[in-house]
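Please consider the following model, with attention to its aromatic contacts and to one of its pockets.

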Amino acid sequence: MAHREAIQLLRALAQLRNITSLIKIPNMQIQQYCIKMKNSPGFIKWFVSVVQTGIRPEEALDKNDIFLDFCMSNVYGFLSEKSKKVLDVMLVVPGTHSQAELAFLSEMDAFDLQPALQQLLATPMILMSTRPRGSSFTSDYTLADLPRDYLSSRHAPSTEQAKSITKKRRQLVAEEEDEARREQTFRFYSPFRISRRTNSDLIVAKFLKNALSGAYDRDFEYAEKQLTMARSLAPEYFEVHRVEAWIKVKQRNIPAAQLAYEAAIELEPRHAPLLYWYADFLLRYLDDSKRALGYYEKASQIDPNSIDIQIGMARSQIYVMNLDVAQTTLTNLLEKYKLSEMETVKVYDLYIQTFQRQADHSSREGDFSQALKYVDELRSALATFSKRLIDTEMMIKIRKTLPTLQTCRAHAENAEQYEIATKLLEWVNNIEDSLNLSSREGRKDVGHIERIHAGYGIIKAEDGAKYRFNRGDLFDSAEWQSLKVGYTVRFSLFKSGSELQAVGIRIDETE
């Protein structure tokens, strides 16, 4: 009860029973009595009854152990051993606790913990409070004041039990600190990065990361088991649904993945990475470019400086044929952002696509002069790119302009237009030589991961040659933690100093 309510209850009982000694006491003193009784209605009623028998108020309060025994002993005696174990944890580690934290400290799984909490909630022993976390919520549990006094004096854990619980608490704190340091090495938009609402989400996050790793290794039975544990501890946690969606994608269960993503967004509609992942899902697996662009734009409003989001927006803009807008987005990325090599490669690739699609569209519309202009602009743009980052994937997209150029030459309106089309055809046909990509450098290779070290690894190509690569050379650096010796990978080769190095590494989808 609140202070005012406790005072009003004591006053009302004193008036009802005509206890003069209590009626005459000023409010300040009454408040002190109530504070000593933890503002407990039951305690206050017992106190008034005792004072009515002629015992002084101070003496009654000194004998509160009688009340505690009367109120709590019967309750405690009927509790299960698991419920008592939860009380031990809450007594040794004061404060509020999430279900996940209680599971960790008590070394109980959720399926044993939940019945114990339900039993305790049916008694005056513990209190439950629900607090908003973003657009979702979390439930916390607290040991009530009177039960704490009773348990401390009558059923305190043994020294060994207290040491064990304290050790687990220190372990949890240490893991929170370690996880905070590890998170700094992840890209913010990596699917393996779990966004925690509070530190108590660490326990749930561990199950979710295990689920992600299991799914990546195609051990779906293990992944589902870990996901179930996470869901049982925090069903309202949006990351549980987001990870479920990622796993369902790996299982090629696209409808289930969509439902899981939508459940996550309903819980956390303003989480930029979640919106980004859903947009990526819509683009890749549902071929819904328009909706994907809408979610990328929502994410961009929350995190306008995210390179990942800007690249995703540009890709969607290309697919919905907003090609001029896509070029503006990509130009902005190249001019205003410090991009990694892999990010630069992605931007180059998309930039080439915009010109190729513009040329193809103009040709189909019969505007051959404009089509030639777009291909010529592509040639000019390519001249500004770092040659070291131009790979054969980009060459494939540039060669897609060949049918367009052949059509333009066949429908040339004059000799000048014919000559321009001819020169551009020669440029496309000889582009590998002009960029010095005719050697092995820049070509795609297949190999296997031979060794992995701290921050770098070795790939053995199919012809036996070995190439070093760094974590940043993965096409998606988030895959580093899932990379294993023996995995088949596809990669490009570029010179680093005097040696060839593997870059743009993609794990084979069959792994």
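Does F192 count as buried or exposed, and what is its relative accessibility? In this predicted model, F192 has a relative accessibility of 2% and therefore counts as buried, the cut-off for that class being under 20%.

## The pair of F192 and W246

The structure holds 17 aromatic pairs. One of them joins F192 and W246, whose ring centres are 5.5 Å apart and whose planes stand at 65°, so that the pair is classed as edge-to-face. Because F192 lies in the loop between α11 and α12 while W246 belongs to helix α14 (residues 238-250), the pair ties together parts that are 54 residues apart in sequence. W246 is buried as well, with a relative accessible area of 13%.

Y237 and F238 form a further aromatic pair, also edge-to-face, with 6.0 Å from centre to centre and 85° between the planes. Both Y237 and F238 are buried.

## An aromatic cluster and charges over rings

Five residues, namely Y261, Y278, F281, Y285 and Y295, form one aromatic cluster. Y295, a member of this cluster, has K298 lying over its face, at 4.8 Å from the ring centre. A charge over a ring is also found at Y456, where R468 lies over the face at 3.9 Å from the ring centre.

## The second largest pocket

The second largest pocket has a volume of about 420 Å³, and its lining is made up of 30 residues, of which H97, S98, Q99, S139 and D140 lie nearest the centre. The elements that each give two or more residues to this lining are the strands β1 (97-98), β2 (126-133) and β3 (136-143), together with the helices α8 (99-106), α11 (159-183), α12 (201-216) and α13 (220-233). Among these contributions, the largest share comes from β3, with five residues.

Sorted by class, the lining of the second largest pocket has 10 nonpolar, 11 polar and nine charged residues.

## D376 and its distance from L120

D376 is placed in helix α21 (residues 368-384). Its relative accessibility is 30%, and D376 therefore counts as partly exposed, a class that lies between the cut-offs of 20% and 50%. Along the chain, D376 and L120 are 256 residues apart, and in the model their C-alpha atoms are separated by 75 Å.

Key. Residues numbered from 1 in each chain as written. Predicted model: local features only at pLDDT ≥ 70, side-chain atom pairs only at ≥ 80, totals over all residues. Heavy atoms only, no water. 1 Å grid on protein atoms, 1.4 Å probe; cavity = no way out; pocket = protein on both sides within 12 Å on 5 of 7 lines; lining within 4 Å. Points joined across faces, edges and corners; volume = space filled by probe spheres on them. Helix = DSSP H or I, 4+ residues; strand = E, 2+ residues; numbered from the N terminus. Nonpolar A, V, L, I, M, F, W, Y, C, P; charged D, E, K, R; others polar. Buried < 20%, exposed > 50% of the residue type's maximum accessible area, 1.4 Å probe, protein only. Phe/Tyr/Trp six-rings, centres within 6.5 Å; stacked < 30°, edge-to-face > 60°. Lys NZ or Arg CZ within 6 Å of the ring centre and 35° of its normal.
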